[in-house]
Amino acid sequence: MTDTLQTLVQAFDRMAAAYELMARRLASQIEQLEAERTGLRAQLADFSRHQSALLQSNQDLARLTADLSGQVASLQHRAEEVTRQDQLKSELLATVSHELRTPLTSIKGALSVLLAEDPPAPEVRAEFLGIAHQNVERVMRLIGNFLNLTRIEAGQIGITPRSLDLAEVLAAAVGRMRGLAAERRVSLDVETPPGPLPLTGDPEMLESVFSNLLDNAVKFSPEGAPVIVRVEADVRAVTVHVRDRGPGIPPEEVPRVFERFFRGSPAVTRRVPGTGLGLHISKAIVQAHGGRIGVESRIGEGSTFTVTLPREGPPQPA
């Protein structure tokens, strides 16, 4: 019995020693696994940091790429704008040459007749003097538009406001257009309220506005059609409507008619010469007076340009 117990005790001791050895090995393996897990965690943390840095770099690169794309697009747009402006200047020079050549040729022809060795009859002399005077007015109007454009581009439009009678300004503009209207067999009908139309403004500048509007209306009107100038007035403002019976303006072109150098569709510009400056300059002058200018048009029915001017004149500069 004692030997059996002793044998069991020895067997348990051996088992205990074996378990203890296994426990130490497991503990060692657990420590090793813990160390590996700690290393993996550190590696994972490094990987996360690298991933975040890479993501940030990608975002920075994307922003930089977007910025560069925007700059490239802006430069391309500027290059296209410069090219367009150069083309417009070339077209403008060609148009101006044509616009000046036509009245100067008429002036030269009229003067040649007047200076001939055989003096013309008084009625012929008066006719050719009228032709010369009318074309001098056209040249002066063209030069005046260019001078006004230069002032507008420089931000010095040069408004000199004073008390005036808008009825007299309109009468002067209509008088300047009578010759061109007679040449094109277009009538000028003026409907104004009785009495003066007092307001404050620059009479020369305002006369150029209405001369430009009437010039366009006469040029675009068919033979025998009327150009109607109608004036409305109240205590605060005076509104002038200039209506023609021309071909009208396509709806897609209406928002652009006051742009510099805008000439409309080629079918119209080939038939009616011009520089595309009159309406642009007129808008700048009207706005400098604190007024508004707009247009309504229907294809085949004509166009109506409307100018509204405050009676108190241009706003005071800040």
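Author: A residue is called buried when its relative accessible area is under 20%, exposed when that area is over 50%, and partly exposed in between (1.4 Å probe, protein chains only). The model is predicted, so local features need pLDDT of at least 70 and side-chain atom pairs count only at pLDDT 80 or more, while totals for chains, interfaces and linings use all residues. Numbering starts from 1 along each chain as its sequence is written, and side-chain values use heavy atoms, leaving out hydrogens and water.

Helices (H or I, at least four residues) and strands (E, at least two) are DSSP runs, numbered from the N terminus.

Start with the salt bridge between the side chains of Lys219 and Asp215, at 3.1 Å from N to O. The term means a side-chain nitrogen of Lys or Arg within 4 Å of a carboxyl oxygen of Asp or Glu. Lys219 and Asp215 are about one helical turn apart, because they are four residues apart in helix H4. Lys219 counts as buried because its relative accessible area is 12%. Asp215 is also buried, since its value is 10%.

Another salt bridge joins the side chains of Glu204 and Arg162, with 3.2 Å from N to O. Here the partners come from distant parts of the chain: Glu204 belongs to helix H4 and Arg162 to strand S1 (residues 162–165), 42 residues away. Glu204 is exposed because its relative accessibility is 51%, whereas Arg162, at 39%, is partly exposed. Side chains of opposite charge can pair when their charged atoms come close. In the whole structure, a search finds 10 salt bridges.

The crossing of H4 and H6 is left-handed, a term for a near helix turned anticlockwise from the far one by less than a right angle. On the H4 side, the contact (heavy atoms within 4.5 Å) is made by Met205, Ser208, Val209, Asn212, Leu213 and Asn216. On the H6 side, Gly278, Leu279, Ser282, Ile285 and Val286 take part.
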